[in-house]
Amino acid sequence: MAVNNWLNAKIIATIPIFIAVNIAAFSVWLFDISQQSMPLVLGIIAGGLADLDNRLTGRLKNILYTLLAFSISTLSVQFTLDNGVAFTLLMTMLTFIFTMIGALGQRYNTISFATLVVALYTTLVYQPETLWYLNSLLILLGALLYSITAIVVYLFFPNRPVQDAVAKSFLALAEYLEAKSLFFDPDDIEQLESKQITLAMKNSQLINAFNTCRTTLFYRIRGQYRHARTTQMLNYYFAAQDIHERANSSYFDYQVLAQQLKNSDLIFRIQRLLELQAQACRDVALSLQQNTNYNYNSRLDRAIIGVNQSFEHYAQRNKDNTQNTAIKTLINNLQGVDRQLRHLGQTPKSSEPHYHWIKIHDDSDAKGFKNIWLTIRSHSSFDSQLFRHAVRLSIVMFVCCTLVEFLQLSRGYWILLTAVFVCQPNYTSTKLRLKQRIIGTILGVIVGSLLPYAHPTLELQMGLVVATSTLFFFFRTNNYSFSTFFITLQVLISFNIIGIDIHSALYSRLIDTLAGAFIAWIAVSYLWPDWKYLQLNKVIHQAIKSDGKYLLYIISQLQFGKSDSLQYRIARRKAHEYATALSTIISNISNAPEKYQIHLQQGFLILKLNYSLLSYISALGACRRHIKQIEQHIDFVAEYYPIAKKIIYSLEHIESLSRHVFDKLQENITQSLYKLNEKQRERVNSTEVDILIQQLNMISQILPHIYEIFHNQKTLDKF
């Protein structure tokens, strides 16, 4: 059943905070307890920060963990606030512990960050004359109130977060397909390298979207009960993965292809088809966001027919069988993408294998004391970005607390709050968050300064608290400047409600925000900055080895039978995740200080080579669908697999192979492929077999370039 278009997942996620703050505002007005309004509302906001999508039993567990953590945090702060030294040491310790707990998974990371925020909220509402337990109790009551409303909203819209995650995957897939379509522009063939880098970056965004989607699905299917809508979303997710594998495949040198096809309409038709498929993915995402049925666009059907007709006409004039085979395979892949889009929404035969894969495959949260200890221990060195962030943030907290105590700033704890929200694990994110927070705060202070002149009633002010709190949540994930603007207004209004002079709060808010942002910027710039720990050497090793493992599972399935087994999917995911890690490092290099950017071009070369290798391997993965045809060529199969195993050996051991051994192995692979290709010409012509040879040829041609990167130590030492 369709709902109004405006009622999307983002609006639904904001409903709990709107209801909870309304209840709090009504209670403040009804019982005339305006002095207690601020901790109650801040508790609601903290509960929202700790909120996690899950099934019902998972949500109840999360609430229990959250309230327990919040209790420890707020009470420990409440007891030490009168002692500056004890408070400073406590906050430093809590910052380090809660940050490191984030290593255990998304649930722990979200709850631990919200728990740290609760400690800071406790300092903001502290008043010596207030009963020692009252503020802590109100914060916990606010968090509980939010949690209850969130569960009620979940019961009304149980599947929208999952649909939203799947929709984001299809939107990222659409961006990827559009980036791929640019390779088939014959009027822009000189920009191939920049297109490859763009495609690699889009691939990283898509893999991140897939990972988020997988985690969301995992939380929903851990129980025994399986909702029909979750089953459908699971099949959408696997359809998106299949489309990605097909689109990620590469069968030729695009520059050569564009040059050869520039006077043919075939290349334009292929580009147009990819653009239409990208739009179809956007249509799928829109249907999920609006909770409507996806309708297959008949223009895709006509585009497929046109591409096939254009290819037949081109093949009659072009007698290069190798190129024709490659183009035909590409078209077959695009037809495979079309089949997935055409059948989306249809009832699948069975989702049991998919449930089994998701349940085993997700490793998002560490479980058991031993695994928890091993996970945290694995991050206990400066090689870990999380550990560096934990130490850096703890030092920031220590400096901020010391500054507040030394200068005796009555509301100086805004410095701490700003530093915690602004200081991100990497320099680029911190720099962006810093600018957004300052802009939002300045705008909030300007608008907030007009509040006293309006002489608002308590009812109007509580209404504004509801509006600003809701808008803070609405914008906090996609526009931090707006989010900061609304929370600044909310805080200033709250101070006005409890009787604190708003003008003194204005100056304090602005100065403390600038001070906290400055301290955070100094920390990420000079305390173990990311660009000194890029670890490109390590990541490129892992990326190539994971590519080799991915190729191994493809060859094994070609040899022994296709299956989308757990091991195969893990190998494919790891290969793409290391490619994503590689593109992240290159992105960090491009945002690092200029003296670290002098080797950026070399980094882009490494990224391009790895992504090309992954594309060639993915094309072989797409060939698994033709195993029956391949198995008929017994003589070919007997010669093909030993060559493939040598390439896999080269990839897995490329780091340790000497120049002599590698050259000898490469020569053997090249000669064997040449002989196999010559024999194949004398045998019965087979498109599938031609593609298998061609893809190994392309992989083998890229091996020497990869070897040079590994063994030219000066290149990797630069990073």
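Which residue forms a salt bridge with E245?

1. The partner is R572, with the closest N and O atoms 3.4 Å apart; a salt bridge here is a side-chain nitrogen of Lys or Arg within 4 Å of a carboxyl oxygen of Asp or Glu. The pair links distant parts of the chain, E245 being in helix α9 (residues 228-248) and R572 in helix α24 (residues 566-591), 327 residues apart. Helices are DSSP runs (H or I, at least four residues), numbered from the N terminus. E245 counts as buried at 3% relative accessibility, and R572 counts as buried at 7%. The classes are buried under 20% relative accessible area, exposed over 50%, and partly exposed in between (1.4 Å probe, protein chains only).

2. On the basis of the note: this is a predicted model, in which local features need pLDDT of at least 70 and side-chain atom pairs count only at pLDDT 80 or more, while totals for chains, interfaces and linings use all residues. Residues are numbered from 1 along each chain as its sequence is written, and side-chain values use heavy atoms, with hydrogens and water left out.

3. The structure holds 16 salt bridges. One of them pairs E175 with R282, the closest N and O atoms being 3.2 Å apart. E175 lies in helix α7 (residues 160-181) and R282 in helix α11, so this bridge ties together parts that are 107 residues apart in sequence. E175 is partly exposed, with a relative accessible area of 31%, and R282 is partly exposed at 22%.

4. Within helix α11, D265 and R269 lie four residues apart, about one turn of the helix. Their side chains meet in a salt bridge (3.0 Å, N to O). D265 counts as partly exposed at 39% relative accessibility, as does R269 at 37%.

5. The axes of α2 and helix α21 (residues 480-497) come within 9 Å and cross at roughly 155°. Axes are lines fitted to C-alpha atoms over the stretch in contact, with angles from 0 to 180 degrees between N-to-C directions. That makes α2 roughly antiparallel to α21, the term used for angles over 145 degrees.

6. Two loop residues deserve a look at their backbone. Most residues other than glycine have a negative phi. D32, in the loop between α1 (9-31) and α2 (37-49), has a positive phi near 55° and counts as exposed at 61% relative accessibility. N291, in the loop between α11 (265-289) and α12 (298-317), has a positive phi of about 60°.

Notes
Parallel < 35°, antiparallel > 145°, perpendicular 65-115°, else oblique.
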